[in-house]
Amino acid sequence: MIELEGLTKRYGEKVAVRDLTFTVRPGIVTGFLGPNGAGKSTTMRMILGLDHPTAGDVRIDGTHYDRLQDPLTYIGALLEAKGVHPGRSAYNHLLCLAQSNGIPERRVHEVLDAVGLTAVARKKAKGFSLGMGQRLGIAAALLGDPRIMMFDEPVNGLDPEGIHWIRTLMKSLAAQGRTVFVSSHLMSEMALTAEHLVVIGQGRLLADTSMADFIARNSRSYVRVRSPQRELLLDVLHQAGITAVESGDGTLEVDGWEAERIGELAAREQVVLHELSPQRASLEEAFMRLTAESVEYHAHTGTPAPVQAWGDGWKRG
Amino acid sequence: MAAAQVVRSEWTKIRSVASTMWTLSLAVVVTIALGMLISALSRNEFDGMSTRDRLSFDPTFISFAGMGLGQLAMIVFGVLVVSNEYSTGMIRASLAAVPRRGTFLLSKLAVATALALAVSMATSFAAFFLGQAMLGEHKASIGDDGVLRAVLGGGLYMTLIALFSMGVAAMLRSPMLSLGILMPFFFLISNILGNVDATKKVGQFLPDQAGSKIMQVVTPLDDDTPYGPWGGLGIMVLWVIAAVVGGYVLLKRRDAQ
């Protein structure tokens, strides 16, 4: 279990993480979602005691990180930035981490095997691909067989096979009763792995909810109907006990009914339809809406730069 | 967390990178070879020297003439041992594994310093004996007054240079910045300050100028240094303590970037 309480990090004037309070519970995968620059990595570094919080507190199983006896046996982490000496072999990289926490050497072989790096264990890390580097990072996180696992953007740079492997790994770790905390800037990725969701934007907590709840609340499905005989269609639907809501552009939106049923109804009453389409607001859209106000660097869409008319420069000259 | 575990871990780190081997071998080879060369040249020049120069002829100190250059490799060793952690990003994994930063830094410095001490002592003795062999009839003997102190001191001097570099690198973090400051400082600036009359009074309190006094057996005639061999080494130790404490305080306070 990871508990954050009023966790805040300020770099001079800029507030990277603002008053975060939430708990990451065991037995499930908790997704940590936010746009790039939202403060996810900073939060994770503070959990590991790498960055000092400006205010607030974070505890691992009720204890401060630097009070943990052999911390790798409590919490294993894969951080975003690669942190391996390029001249050191994968084996020695893991061995020095293991030794510092009193983890037996045979465990190094086990985790190398688990991530599929046994064949290159004695090779220097500088020859590793992004995917191999990521696997080595995961091997390091698994080293102490910890009850808590933390992954910062684990699928970045992985091929489809690697992505599938990570997802399966995280789910199986959670199924073993471990606490799994994984960050991502992709809602779609979270939807596939996480059961619980913590969303932040500009360092602030925006949502702390179960994935099922988030989906139920945010992914509304409805049917879009457009007809030249709008009044007639509204009557027909009303008689059938179906409520239709007019949307701005003259189309109707129907909640809670299948498109088939509406189509059949319209056919029976001989109403002409120009459109009949089931709609589903994607989770990605819901996430974008949620974080829209908090995204720090907007791409300036919608306000195109004024186009200089041909000859303007000549006239000015 | 037992400090012994962290020491073992740091030993694995230091023995598993190539830079340890090549910096230390370079220090050994340069110090010994240059010492032998200058010893051989001095033997040939002895006959042409003035009486005054002959009186301050110090065969022990001459055989350590390679140390001025050899110490640069020791500086690189000390800097890389610490700053590698930062330049590779390994520091985050290291501090996540060993969150008690005092234990982390002291274990790292203890392992690297012990290794530097073993290599430096061997180098100092080898430089002395091989240098004396080159000096022929002008040679000093290890049993002569003050000679053993000078040879042991040579080993201590090189070790302290390495430890000083580790402390500076712990403060500066960047290998380029650390080397960019330490190399010209020890190779040029310190020598200039120590040899120009106006700055000599200050220059002789710099770590290398003060520390190298321990390798002198024969005091030059016009020597007015206000400290003896052990006093000089003591001054150097103070510099080293300042660098290491500075490195520790900054490591403790800063975020691990």
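**Exercise 1. Charges over rings**

Over the face of which residue does Arg135(A) lie, and at what distance from the ring centre?

Solution. Begin with the rule, by which a charge sits over a ring if NZ of Lys or CZ of Arg is within 6 Å of the ring centre and within 35 degrees of the ring normal. Arg135(A) lies over the face of Trp165(A), at 4.7 Å from the ring centre. A further case in chain A is Arg122(A), whose charged end sits over the ring of Tyr91(A), 4.0 Å from the centre of that ring.

Before going on, note that this is a predicted model, in which local features need pLDDT of at least 70 and side-chain atom pairs count only at pLDDT 80 or more, while totals for chains, interfaces and linings use all residues. Residues are numbered from 1 along each chain as its sequence is written, chains are lettered from A and ligands numbered from 1 in the order in which they are written, and side-chain values use heavy atoms, with hydrogens and water left out.

**Exercise 2. An aromatic cluster in chain B**

Find which ring pairs Phe164(B) forms with Phe186(B) and with Trp239(B), and place each residue in its helix.

Solution. Rings of Phe, Tyr and Trp (its six-membered ring) pair if their centres lie within 6.5 Å, and planes under 30 degrees apart count as stacked, over 60 as edge-to-face and the rest as tilted. By this rule there are 10 aromatic pairs over all chains. Phe164(B) and Phe186(B) make an edge-to-face pair, with 5.9 Å from centre to centre and 80° between the planes. Helices (H or I, at least four residues) and strands (E, at least two) are DSSP runs, numbered from the N terminus. Since Phe164(B) lies in helix H8 (residues 147-172) and Phe186(B) in helix H9 (residues 175-195), the pair ties together parts that are 22 residues apart in sequence.

For the surroundings, buried means under 20% relative accessible area, exposed over 50%, and partly exposed in between (1.4 Å probe, protein chains only). Phe164(B) is buried, at 9%, and Phe186(B) is likewise buried, at 1%. Phe164(B) also pairs edge-to-face with Trp239(B), at 6.4 Å centre to centre and 80° between the planes. This pair links distant parts of the chain, for Trp239(B) belongs to helix H12 (residues 229-253), 75 residues apart from Phe164(B) in helix H8. Trp239(B) is partly exposed, with a relative accessible area of 34%. Together, ring pairs link Phe164(B), Phe185(B), Phe186(B) and Trp239(B) into a cluster.

**Exercise 3. Salt bridges within the chains**

**Exercise 4. Where the chains meet**

Describe the contact between chain B and chain A, and name the salt bridge found there.

Solution. Contact means heavy atoms within 4.5 Å, and 30 residues of chain B are in contact with 33 residues of chain A. Buried area is the accessible area (1.4 Å probe) that two parts lose on being put together, summed over both. Between chain B and chain A this area is about 2600 Å², of which carbon and sulfur atoms give 51%. Met90(B), Arg92(B) and Asp255(B) supply 20% of the area that chain B buries against chain A, more than any other three residues. The count between the two chains is 1 salt bridge, and Lys9(A) forms a salt bridge with Asp255(B), with the closest N and O atoms 2.8 Å apart.

Methods. Salt bridge = Lys/Arg side-chain N within 4 Å of Asp/Glu carboxyl O.
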